[in-house]
Amino acid sequence: MKRAAALILALALCFSLCACGADKEISIYDLQKAMLSADGELPEMLTASSSDSDGEKKFAYLSDMDYSEVEGYFLAYSADGTAYEIAVICLKDGDDTDLAKASLQSHLDGRISLYKTYEPTQASRAEDALIISRGSCVALIMCDNTDAVKSAFEEFLK
């Protein structure tokens with residue numbers, strides 16, 4: 001029984017790590033925590049990530065990239081449907097960052113269109129969103145304090 005518990009714990013640790021940047025393994029969970037805590041005014045956020053049992057299926061909501069190119073990801077979005085989203089895609093190959101940026105831009109364009117149609121008061125937050133990269137990680141930041149969340153992303157991946 002102890003052996004099985006140790007194996008499960010070891011596997012969980014392996015799945016939560018992602019290589020993002022030169023020779024540095026990071027925890028998607030810890031990166032998510034750092035970025036979400038950087039904006040203290042976020043509403044209740046729900047999350048999806050590569051560590052979820054259906055993480056590959058949920059990834060299709062965020063990006064049209066081939067999931068086999070992804071080392072790990074998370075998506076945090078507001079529980080009340082307002083225009084708050086923070087997402088990171090860490091790639092297996094840093095040469096795919098332009099592809100990841102384009103896929104996040106496509107996702108963002110869809111969100112902007114949705115908010116303009118159904119919730120115009122939220123559209124400006126979506127229009128002001130950032131898509132940035134560092135190493136082999138690409139982030140979408142849609143919130144009121146984008147500078148603080150961007151700093152948290154960059155600091156975490158130093």
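This is a predicted model: local features need pLDDT of at least 70, side-chain atom pairs count only at pLDDT 80 or more; totals for chains, interfaces and linings use all residues.
Residues are numbered from 1 along each chain as its sequence is written, and side-chain values use heavy atoms, with hydrogens and water left out.

**Whole protein.** Start with the cartoon view: you will find six helices and seven strands, in the order α-β-β-α-β-α-β-β-α-α-β-β-α along the sequence. Helices (H or I, at least four residues) and strands (E, at least two) are DSSP runs, numbered from the N terminus.

Now switch to a surface. The accessible area (Shrake-Rupley method, 1.4 Å probe) is about 8,600 Å², with 51% of it belonging to carbon and sulfur atoms. Of the 158 residues, 43% are buried, meaning under 20% relative accessible area with a 1.4 Å probe, protein chains only.

**Helices α2 and α6.** Next, select residues 28-38 (α2) and 146-156 (α6): these helices pack at about 150 degrees, with axes 7 Å apart. That angle makes α2 roughly antiparallel to α6, a label for angles over 145 degrees between N-to-C directions.

Show side chains for Asp30, Leu31, Ala34, Met35 and Ala38 on α2, and for Ala148, Val149, Ala152, Phe153 and Phe156 on α6; these residues make the contact, defined as heavy atoms within 4.5 Å. Colour them by class, and you will see nine nonpolar, no polar and one charged residues, with Asp counted as charged and Ala, Val, Leu, Met and Phe as nonpolar.

Terms used: Axes are lines fitted to C-alpha atoms, for helices over the stretch in contact, and angles run from 0 to 180 degrees between N-to-C directions. Angles under 35 degrees count as roughly parallel, over 145 as roughly antiparallel, 65 to 115 as roughly perpendicular and the rest as oblique. Buried means under 20% relative accessible area, exposed over 50%, partly exposed in between (1.4 Å probe, protein chains only).
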